[in-house]
Every structure is written in C-alpha cells, then in structure tokens.
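Me: I have a structure open and would like to learn how to read it. Can we go through it one feature at a time?

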Amino acid sequence: MTAYIVRRLLATIPVMVVVALFVFLLLHLTPGDPAAVIAGDDASPSEIEGIRHKLGLDLAIWQQFGIYVGNLLRGDLGTSIFSNLPVLTLVKQRLEPSLVLAVSTLVLAIVLAVPMGVLAAWKARTWIDRVVMGFSVLGFAVPVFLIGYLLIYVFAIELRWLPVQGYRPLSQGIDQTARSILLPTIALSMVYMALIARMTRASMLEVLSEDYIRTAHSKGVSTIVVLLRHALKNAAVPIVTVIGIGLTLLISGVVITETVFNIPGLGRLTVDAILKRDYPIIQGLIILFAGAKVLVNLLIDISYVFFDPRIRY
Amino acid sequence: MAAVLTVPVPAGSHALDWIRRNPTIVFGSAILGLFVAVALLAPWIAADPLSFDPLNRLKRPSQEFWFGTDQFGRDVYSRVVYGTRISLIVGVSVAVVATVTGLLVGVLCGYYRRLDDIVMRVMDGLMAIPAILLAIALITLMKASLLIVIIAISIPEIPRVVRLVRSVVLSVRGLPYIEAAVASGTRSRIIMTRHILPSTVAPLIVQSTYVCSSAILIEAGLSFLGAGTPPEIPSWGNVLSLGRAFFQISPWIIFFPGLMLAIAVLAINLVGDGLRDSLDPRIARRM
C-alpha cells in the first residue's frame, strides 16, 4: 500500500513538469514579443523593457526555466505585474470564497445526485428513471450562467429571499455565508449532478444484474440494504472516478459562477488578470489548479482500496 | 420486448423504421437543422446586429424588438441570430481540428509504443489543466481573433480524443487479423490506415459531437469572461457578457442568448447520445 502511494506520488511528477513546461513555454512560443503583449498597446519602450526585465525575459531560455522551476519548488508562483504582490499572497486573499463554493457544490451534488442515480437504476425504465435522465441531459446543456441568472432573477430580484450577488466571509457568521453561497452552489452543481447521477445509474444498473444481488433479495434482505450495502458500495469505483473527472468542470465552473454572482474568489482573480493582462497570475493559477486536480486524482486512486477490497496495490 | 410488439413493416420503409428507432437523433438533428438555417439566412431574417440606436436603449421585448434591445439600442434578436453563425463555426471547427489531430496522434501512439510513453505524459499534463484556463492563457497572449479562439479551445480537447483513439487502437492491435496482416508483411502505414482506422470511426463520430457542444459552451464562457471572441463580433457569449452590467433592469439581454445556447447544446448532445446508442451497443446497454 505504502509502496503504491509512493509510486503514485512519483507518477505525478512528470505530469506537473509537463504543466510547468507548458505554462512556461506558452509565454515564449507566442508570436511577437511577450513583454510587449503583456505591456499592452500603449506602453512606452521603457515600460516594455521594465516588464522584460521583471519577468527575466532577458536571460537565456534554459536559465529562465531553471529559475522558474526553482521558484515553483520553493512555493513561489511568481509576482503580479500590476500590483507587485506575490501571486501566492493574492491567491490566499481570494481562496476562501472559491473553496467554500467548490466544497458546497461538491457536497450538494454528491448528496443529491447519488440517490437520484440509485433511484433511477432501481426503477429503471419507469417515469422516475426518465425524469432523472431527462434532468441529466438538461444539466449538461444549460450553461451555468443561464441557471445562475435565472436563479438570481427568481429568488433574489422577484421573491427577494436571498441576496442578489456578493459573498459574506465565514468570519461574519456561517449563516450569512450560507445565504450568499446558496444560489451559486445550486447553479454550479447542476452540471456536476448531471454527470454523477448518470454515472451512478449506469454503474448501479451493471451491479444490480449480478447474481449476488438476486441472492441477497431471495435471502430476504430489505431492498434498501441491498441497494446501499450490496449494490452501491460495489458500484462506487466508477462513481468516485467520475467525481474526480468532474473536478475540471467544477474549476471552470467556479470561474464563471464567481463572475455571475460577483464573488471575490480565484475566478475573479483570473478575470481581473485577463483584463489587465497580468500573465504571472494566470500562470500561477494554472499551476495551482492543475496541482489541485492531480492531488485529488491521487486521493481518488487511493480511495479505490476502500471501496473495492479486491484492488490491492 | 419491443421487437415482439413491433408491427411488421413492408420493405421500403426502412427510413421510417430507422426514424422510429432513433427518436433522439431525429429530434436533435431537426433542431440543429433549424439553427443551421437561421445561421445561413441571417442577413434575410435579421437586421444589422451592429447598428446603434441610442433612442431605443434597453427596450423590453416587443413586436418591434422580439428579444429587446441592449444598452446601445442594438437589436438583441439580430445579434442572437448572427451569433448562431459564430457558435456553429466554433463548434464545428473545434470538433474537426480536435478530432483530426487527436486521431493522428492517437493512432501513432497506439501503434508505436515508444512514442506512446512520451506523448501520453504530455497529454496527461494538458488534461490536468482546466480547459477554460488553458484557453484563457492562450488567448490573453495572442491578439484575439476567431481563429485564435478556435485553436485555443481545440488544444484542451485534443488529449481526450487521443486517449479514446489510443484505447481503441490498443484493443484492436491484439486481434488476430492485425497479427495476420503483420505476419503477411503488410506495411505499417497500410495496417494503420486500412485495418486499424476503420474501427475508430464510430467512437470518434460520437466523441466529436460532444467536443462540438463543449466547444460552443466554452466559447460562450470565454466571451462571457471577456477573454473570447473579439467584442465587436456578435457571438452569444459577447451578447451575454455585455448584458451582465444591466441584468437587474434588462434580463432579456442575457436570457435569450443563454436560452439559444442551451437549446443548441442540448440538440447536439441528443444527436451524440442517439449516435452512441445506435453505433456502440456495448455502451448503450450501460448508459
């Protein structure tokens, strides 16, 4: 087990090296002078020179990559061109809302979508199944900004139940945070729920046709126990896998949802960086998000052992 | 079950029969056909999407302005109609670019194992980066244009296609007919194009529909965030993006392009689901 985890950890190194190399090369493979592009159209030659020096673009390319990777390993994600603050500091300032939104979305999606999928598989080819599958097809198609604005329109503007936009930090009380995060969470969780419900149903359908399920039924085990203990646990591996795959959807969704709901998180940091062409921030965020995804995939791989004891490393 | 209930049909009504067995493909294609018609007929069914009309700013939907007007008095209906062109161009182009590139890389990887090790590490790295961020990074560095947007959305889609093609190639490679081809001295290029390529076609067609709908969504998302299609082009995402500031007083600016986007993506996904069910019965039984 330990050997497997170590091997799996080592396997993440080449992935992150590729990500770092890609993020680094991006700046150099672009046609034209990256310093001039970042400086913008109305920058003076001395400003462009300043940015070139600040980014180390006047060094040899291999030196630049060496410095870049060295900095990354020390936890230095670069420095914002605009505010002169370390990217890591900016990220820490904006981390809470994004993390709260991501975690609440993850929880809501799993809590609702897994039972939906189980129900659909148990009642396969009935109207319940059709409703769940219909929801799943819609969830993939309706973009998060449309759901978001519809929710704002109905629940904040028309009914006035919830705040229109903005975020209340946890330090102001968790109930305030919950009120501000409820609509964004619902909007963002739709596509994720669609994904999880669909995979849960598919995986459950496969397991429910197994002999041991029929045996359990004929032994007189109650339906709920058969569904949850006998079927769901054995159907869990593909479900957990798809939750990991969906994480990329979640990260992209966070960026857009924060813009819809005016939440000052990492997504807004990204959008502000785009508008100001603050490239080091975008680079830093890519490294960070990719790192988060690789880490979660690692945890998911390890969790397989828990769900399926046949898997031994 | 269904086979027993089906009334025998006279020969010659195969088409009708096919339609009855694939309702989702037919329904999705019909909606898509409508979108294509709207895109082609845009100059005849819509007014100039760029003409400013300061007297008619932020007007509600009405007889004159079906979808209302935006803050510059531009007709949202006309902008949405012209936006159909952009979304379809982006969707189809990305699907073609990503599928062709992915097919090429995937077949080579599946066939030449040594190449495979290196290329798959690169693909793993690319896949670790969320698509929208990867596209943002590419677009912010280049002068925004429709071509750049298409390339930037295609790159994060390629690894998924490569993985798919590679897995098909690997599963076909071990089959006796490939061994027979190798044993009889067939050249690698012929084996790849004539013996391996055909089995990738069905899964690729299905995958390309999903790439297409995901590309349309990502383009809208990028434009919405201000990092997509240049703002002077009336794409759905750009219309949405401009509506952001006026959402509380003029929700229609966001509502109509958003709705069109959802319907278009839904139609493409329905075609994809239907194709998957009819082309690949193995998956169809599970999903």
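Me: How confident is the prediction for chain A, and where is confidence lowest and highest?

Reply: Start with the average, then look at the separate elements. Chain A has an average pLDDT of 86, and 98% of its residues score at least 70. Within chain A, the lowest confidence is in H2(A), with a mean of 73, and the highest is in H5(A), at 93.

Me: What is the secondary structure of chain B?

Reply: Count the elements, then look at the dimensions. Chain B has 12 helices and 0 strands. Its C-alpha trace spans about 80 × 60 × 30 Å along the principal axes. Of the 287 residues in chain B, 44% are buried. Among contacts in chain B with a separation of 6 or more, 69% are between residues 24 or more positions apart.

Me: How many residues of chain A are in contact with chain B, and which helix supplies the largest share?

Reply: The size of an interface is often given as the accessible area lost when the parts come together. Here we count residues instead: 42 of chain A are in contact with 38 of chain B. Several helices of chain A each supply at least two residues to that side, including H1 (2-29), H8 (174-208) and H10 (223-260). The largest share, 8 residues, comes from H12(A). By class, the side of chain A that touches chain B has 34 nonpolar, 5 polar and 3 charged residues.

Me: What do the buried residues of H11(A) pack against?

Reply: List the buried residues, then their partners. In H11(A), the buried residues are A:Leu266, A:Gly267, A:Arg268, A:Leu269, A:Thr270, A:Ala273 and A:Ile274. They pack against H5 (87-122), H10 and H12 of chain A, together with H6 (131-141) and H9 (188-225) of chain B. After H11(A) comes A:Arg277, which has a positive phi near 50°.

Me: Is H6(B) mostly covered or mostly open?

Reply: It is mostly covered: 11 of the 11 residues of H6(B) are buried. Among them are B:Ala135 and B:Ile136.

Me: Which residues have the most contacts inside the largest nonpolar core?

Reply: In soluble globular proteins, nonpolar side chains tend to be buried together. In this model the largest nonpolar core has 166 residues, and those with the most contacts inside it are A:Val19, A:Ile196, A:Ile286, B:Ala135 and B:Ile136. Leaving out residues up to four places away in sequence, B:Ala135 touches B:Ala152, B:Ile153, B:Pro156, B:Ile218 and B:Leu222.

Me: Where is A:Asn84 found, and is it buried or exposed?

Reply: Look at the backbone angle first, then the surroundings. A:Asn84 is not a glycine, yet its phi is positive, about 65°. A:Asn84 lies in the loop between H4 (61-73) and H5 of chain A. Because 8 other C-beta atoms lie within 10 Å of it, A:Asn84 is exposed.

Me: Where is the place of A:Arg125, and how many C-beta neighbours does it have inside 10 Å?

Reply: A:Arg125 is in the loop between H5 and H6 of chain A. A:Arg125 has a positive phi of about 65° although it is not a glycine. With 9 C-beta neighbours inside 10 Å, A:Arg125 counts as exposed.

Notes. Residues numbered from 1 in each chain as written. Chains lettered and ligands numbered in written order. Contact = placed C-beta atoms within 7 Å. Helix = DSSP H or I, 4+ residues; strand = E, 2+ residues; numbered from the N terminus. Nonpolar A, V, L, I, M, F, W, Y, C, P; charged D, E, K, R; others polar. Buried ≥ 20, exposed ≤ 12 C-beta atoms within 10 Å, placed from the backbone. pLDDT = per-residue confidence, 0-100. Core = buried A, V, L, I, M, F, W, Y, C linked by C-beta atoms within 7 Å.
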